[in-house]
Amino acid sequence: MFNTTVAWITLRATLSRRRALLFALPAVILILLTAALKATRPPMRPWPSHVLGTFGFSVLIPLTALIIGTSVLGAEIDDGSIVHLLATPVRRSAVVMTKFIVATGLTVVFAAVPELIAALISGGGSIPGGENIPGQAGGLVTISTGKFAVALFVGALACSVIYNAVFVMISTATTRAIAVGLLYVLVWEVLLSNFVSGVKLLSVSHYGLGIANGLASDPALEAGLGVLTSVVMGAIVTVVALALAMNLLSSFTLKGEPA
């Protein structure tokens, strides 16, 4: 299910495109914002959980995954070069899985790792409940930096996997994958999932937050879902999205158009 030749060609083509310059932009913004807040915000305010949770999981990771996930396959469909790949003996299921794995790896580098770096810079999260604990200012209990950073990193890894499955699927379904994906991120992940409680069950960002909160026990992350629900739903969405992508790619003729 993994083809090294396709992986190498995909990696080289993705990183050589101009849009590759956009991969690092959200990550740089997150790290700079975290450093600025660390230098200016009072230590008793639990801003890391809100900034790294809300901005990181609702903006940084999905936008990075959107750019990468729709480019590894969608760009070839758009310019017609997919015809050369589909004419080879490589199975189309292997094409989808290879593109998905490459996209996930790149998203980890450009989104999950920066989330980890920002969490380490932030100095850890804080939760209410330290009123009677000596040395805990403002009634807050500090979550260790290592525990906080690892929790966010694991949650970001989960989001990287799920988001790329969704965006690879979208790229096989439409030639306007970027527009459709951006609409999905802004309307579903940023707006509805944060204001309509029922939507969280189908929100990738809340799957990641649920997993992160399960490790860090930080209610300020506002996960909305438990860790078990997040893992199960995340796995279901990933499998369904990849299965749909394989099915949609199988319907393409050698002209690169749906049969």
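Modeller: A residue is called buried when its relative accessible area is under 20%, exposed when that area is over 50%, and partly exposed in between. Please keep in mind that the model is predicted.

Biologist: With these cut-offs, is A243 buried, exposed or partly exposed?

Modeller: A243 is found in helix α10. Its relative accessible area is 42%. Since buried means under 20% and exposed means over 50%, A243 is therefore partly exposed.

Biologist: How far apart in space are A243 and S93, C-alpha to C-alpha?

Modeller: In sequence, 150 residues separate A243 and S93. In space, the C-alpha to C-alpha distance between A243 and S93 is 8.6 Å.

Biologist: How many helices and strands does the protein chain have, and what is their pattern?

Modeller: The protein chain contains 10 helices and 2 strands. Read along the sequence, these elements follow the pattern α-α-α-α-α-α-β-β-α-α-α-α.

Biologist: Among contacts between residues at least 6 apart in sequence, what percentage joins residues at least 24 apart?

Modeller: A contact here means heavy atoms within 4.5 Å. Among the contacts of the protein chain between residues at least 6 apart in sequence, the share that joins residues at least 24 apart is 72%.

Biologist: What percentage of the residues of the protein chain counts as buried?

Modeller: The protein chain has 259 residues. The part of these residues that counts as buried is 49%.

Biologist: Which residues does T107 contact, leaving aside its neighbours within four places in sequence?

Modeller: T107 belongs to helix α6, which covers residues 92–122. Its relative accessibility is 0%, so T107 counts as buried. Leaving aside neighbours within four places in sequence, the contacts of T107 are A65, I68, A112, S160 and N164.

Biologist: Is G155 buried or exposed, and which residues does G155 contact beyond its neighbours within four places in sequence?

Modeller: G155 lies in helix α7, residues 145–173. With 0% relative accessibility, G155 counts as buried. G155 and N213 are 58 residues apart in sequence and 8.4 Å apart in space, C-alpha to C-alpha. Leaving aside neighbours within four places in sequence, G155 is in contact with F57, G208, I211 and A212.

Biologist: How are α8 and α9 oriented to each other?

Modeller: Two packed helices are described by the angle between their axes and the distance between the axes. The axes of α8 and α9 (residues 204–216) come within 9 Å and cross at roughly 55°. In the contact between these helices, Y184, E189, S193 and N194 of α8 meet V204, S205 and H206 of α9. By their angle, α8 and α9 are therefore oblique.

Biologist: What is the accessible area of the nonpolar patch that includes L191?

Modeller: L191 lies in α8, residues 177–195, and counts as partly exposed because its relative accessibility is 46%. The surface patch is formed by L182, L183, L186, V187, L191, L192, F195 and V196. Together, these residues have an accessible area of about 710 Å².

Biologist: What is the value of phi for S217, a residue other than glycine?

Modeller: S217 is located in the loop between α9 and α10 (227–250). At 43% relative accessibility, S217 counts as partly exposed. Its phi is positive, in a residue other than glycine, with a value near 55°.

Definitions and conventions:
Residues numbered from 1 in each chain as written. Predicted model: local features only at pLDDT ≥ 70, side-chain atom pairs only at ≥ 80, totals over all residues. Heavy atoms only, no water. Patch = residues over 30% accessible without salt bridge, like charges linked within 9 Å, V, L, I, M, F, W, Y side chains within 5 Å. Areas by Shrake-Rupley, 256 points an atom, 1.4 Å probe, with all protein chains shown as cover. Salt bridge = Lys/Arg side-chain N within 4 Å of Asp/Glu carboxyl O. Helix = DSSP H or I, 4+ residues; strand = E, 2+ residues; numbered from the N terminus. Buried < 20%, exposed > 50% of the residue type's maximum accessible area, 1.4 Å probe, protein only. Axes fitted to C-alpha atoms, helices over the stretch in contact; angles between N-to-C directions. Parallel < 35°, antiparallel > 145°, perpendicular 65-115°, else oblique.
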